[in-house]
Amino acid sequence: PGEEARLVVEVSNAGASKHGYRDSCCIWGGITRGIELEATPETFIDDAWGRGDFDAKCADVRVTVCGPARDGWTVRASVTPASGGATAVGTAPIAADGETRVRVPLADFRPWDPEHPNLYCARIELLAPDGTVAHVRTERFGIRKLEVRGRDFYLNGRPFFIRGVG
């Protein structure tokens with residue numbers, strides 16, 4: 001309050017919308033759906049996402065940090081099964097090229113499949129050089145492995161049968 005603020009608006013439907021298929025795949029002009037405003041510190045998490053490495057039984061968290069001060073800054077990812085369980089933590093210094101990768105081994109490994117739609121929640125923290133938390137994001141993701149072997153389709157190393165049309 002009382003200080004100058006900069007507001008940056010990006011209008012893009014390149015990413016999937018939380019409002020459904022029609023809003024995420026059609027090209028519209030202008031701002032046509034809900035808007036989120038987020039106050040961030042000068043150095044902040046611009047983008048973050050998680051995915052699993054099935055074979056290594058670990059989470060692979062990718063983070064893009066923006067801002068002028070990055071020396072001595074780190075990213076900490078705390079990954080927990082969404083249904084509860086042991087939390088695994090990994091840290092990495094901010095990468096010079098912009099995208100930081102944090103690999104987190106998961107002792108409590110729960111792969112995703114249609115019968116067991118296990119998800120993980122990653123709490124991603126941007127840590128200043130003094131160790132204080134400057135910015136936080138959370139992301140949910142599942143871990144699965146899809147393969148084709150000959151004419152067969154495999155999910156998580158087991159044959160998987162799909163029936164579909166179109």
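**Exercise 1.** Decide how Phe160 counts in this predicted model: buried, partly exposed or exposed.

*Solution.* Begin with the relative accessibility of Phe160, which is 26%. Next, recall that buried means under 20% and exposed over 50%, with partly exposed in between. Phe160 therefore counts as partly exposed.

**Exercise 2.** Classify the ring pair formed by Phe153 and Phe160.

*Solution.* The ring centres of Phe153 and Phe160 are 6.3 Å apart, and rings pair if their centres lie within 6.5 Å. The planes stand at 55°, while stacked requires under 30 degrees and edge-to-face over 60. The pair is therefore tilted.

**Exercise 3.** Classify the pair of Tyr120 and Phe141, and find which strands hold the two residues.

*Solution.* The whole structure contains 3 aromatic pairs. In one of them, the rings of Tyr120 and Phe141 have centres 5.9 Å apart and planes at 20°, so this pair is stacked. Tyr120 belongs to strand β6 (residues 120-127) and Phe141 to strand β7 (residues 133-141), so the pair ties together parts that are 21 residues apart in sequence. Both Tyr120 and Phe141 are buried.

**Exercise 4.** Find which charged residues lie over the faces of Phe54 and Tyr154.

*Solution.* Over the face of Phe54 lies Lys57, at 5.8 Å from the ring centre. Over the face of Tyr154 lies Arg149, at 3.9 Å from the ring centre.

Key:
Residues are numbered from 1 along each chain as its sequence is written. This is a predicted model: local features need pLDDT of at least 70, side-chain atom pairs count only at pLDDT 80 or more; totals for chains, interfaces and linings use all residues. Side-chain values use heavy atoms; hydrogens and water are left out. Rings of Phe, Tyr and Trp (its six-membered ring) pair if their centres lie within 6.5 Å; planes under 30 degrees apart count as stacked, over 60 as edge-to-face and the rest as tilted. Helices (H or I, at least four residues) and strands (E, at least two) are DSSP runs, numbered from the N terminus. Buried means under 20% relative accessible area, exposed over 50%, partly exposed in between (1.4 Å probe, protein chains only). A charge sits over a ring if NZ of Lys or CZ of Arg is within 6 Å of the ring centre and within 35 degrees of the ring normal.
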